[in-house]
Amino acid sequence: MQAPQIDGPDAPVPDPPRPAPWHGQAPVVAVVALGGAIGAVTRYAAAVLWPTGTTGFPWTTFCVNVVGCFVIGLLMVAITEKWTVHRLVRPFFGTGVLGGFTTFSTYTVDIQRLIEEGRPATALAYLAATLLAALTAVRLAATTARRVLPDGPTARREKGKRSS
């Protein structure tokens, strides 16, 4: 048995065709890839310039992660509270460059290595110090950015707007 056909103004309207999931995402993927390559090369350069010995404390990874977190704090305040930027700035610089630059996977491997070498106290200190320093860096950078960076036109309009 076939369903009755409804014609007229009450007839069901078919859904409009959906865009493909990747529709419009190619520029975002491209800038994340480019930024990631830049960040990874920069991190590699830091490791080459300041190598950590096989038994040394992983200072390079520690510094890279803390500096990366500081820059992320600056960036997020700048582009979300202070200025209006192009839609590709955040994926390029935040996800790409800074995501490629920081290396929390290496951090965990360093902790594992320290434990396997029989230095659990150093591993625990590294674990805690990185977490504390990274969170402090983000907080310090965000506070500094809010005080130092000038407001863009969007931020000035938002501050002048009265709430109802």
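A78 touches W83 and L149, leaving out residues up to four places away in sequence; touching, or contact, means heavy atoms within 4.5 Å. A78 lies in helix α2. Helices here are DSSP runs of H or I with at least four residues, strands are runs of E with at least two, and both are numbered from the N terminus. A78 is buried, at a relative accessible area of 7%. Buried means under 20% relative accessible area, exposed means over 50%, and partly exposed lies in between, using a 1.4 Å probe and protein chains only. A78 also sits 8.0 Å from R146, C-alpha to C-alpha, although 68 residues separate the two in sequence.

This is a predicted model, in which local features need pLDDT of at least 70 and side-chain atom pairs count only at pLDDT 80 or more, while totals for chains, interfaces and linings use all residues. Residues are numbered from 1 along each chain as its sequence is written, and side-chain values use heavy atoms, with hydrogens and water left out.

Now the whole chain. It has 6 helices and 0 strands. From the N terminus, the order is α-α-α-α-α-α. Of the 164 residues, 29% are buried. Take the contacts with a separation of 6 or more: 76% of them join residues 24 or more positions apart.

Next, the helix pairs. Two packed helices are described by the angle between their axes and the distance between the axes. Axes are lines fitted to C-alpha atoms, for helices over the stretch in contact, and angles run from 0 to 180 degrees between N-to-C directions.

Start with α2 and α5. Their axes come within 8 Å and cross at roughly 30°. The two helices are therefore roughly parallel. Angles under 35 degrees count as roughly parallel, over 145 as roughly antiparallel, 65 to 115 as roughly perpendicular, and the rest as oblique. The crossing of α2 past α5 is right-handed. A crossing is right-handed if the near helix is turned clockwise from the far one by less than a right angle, and left-handed if anticlockwise. On the α2 side, the contact includes F62, V66, C69 and V77. On the α5 side, it includes Y126, A133, A134, A137 and R146.

Turn to α4 and α5. They pack at an angle of about 160°, with axes 7 Å apart. That makes α4 and α5 roughly antiparallel, by the angle rule above. α4 passes α5 in a left-handed crossing. F104, Y107, D110, I111, L114 and I115 of α4 make this contact with P120, T122, A123, Y126, L127, T130 and L131 of α5.

α2 and α4 complete the set described here. Their axes come within 10 Å and cross at roughly 145°. This crossing, too, is given as left-handed. T61, N65 and C69 in α2 meet F104, T106, Y107 and D110 in α4.

Beyond its neighbours within four places in sequence, I111 contacts A123, Y126 and L127. I111 and L124 lie 7.7 Å apart, C-alpha to C-alpha, at a separation of 13 residues in sequence. L124 belongs to α5 (residues 120-148). L124 is exposed, because its relative accessible area is 56%.

The cysteines come next. C69 counts as buried, at 9% relative accessibility. C63 is partly exposed, at 39%. The structure holds 0 disulfides, a disulfide being a pair of cysteine sulfur atoms within 2.5 Å.

In α3, the residues P91, G94, G96, V97, L98, G100 and F101 are buried. Their cover includes α1 (26-49) and α2. T103 lies in the loop between α3 (89-101) and α4. T103 is buried, with a relative accessible area of 5%. Leaving aside neighbours within four places in sequence, T103 contacts R43, T61, V64 and N65.
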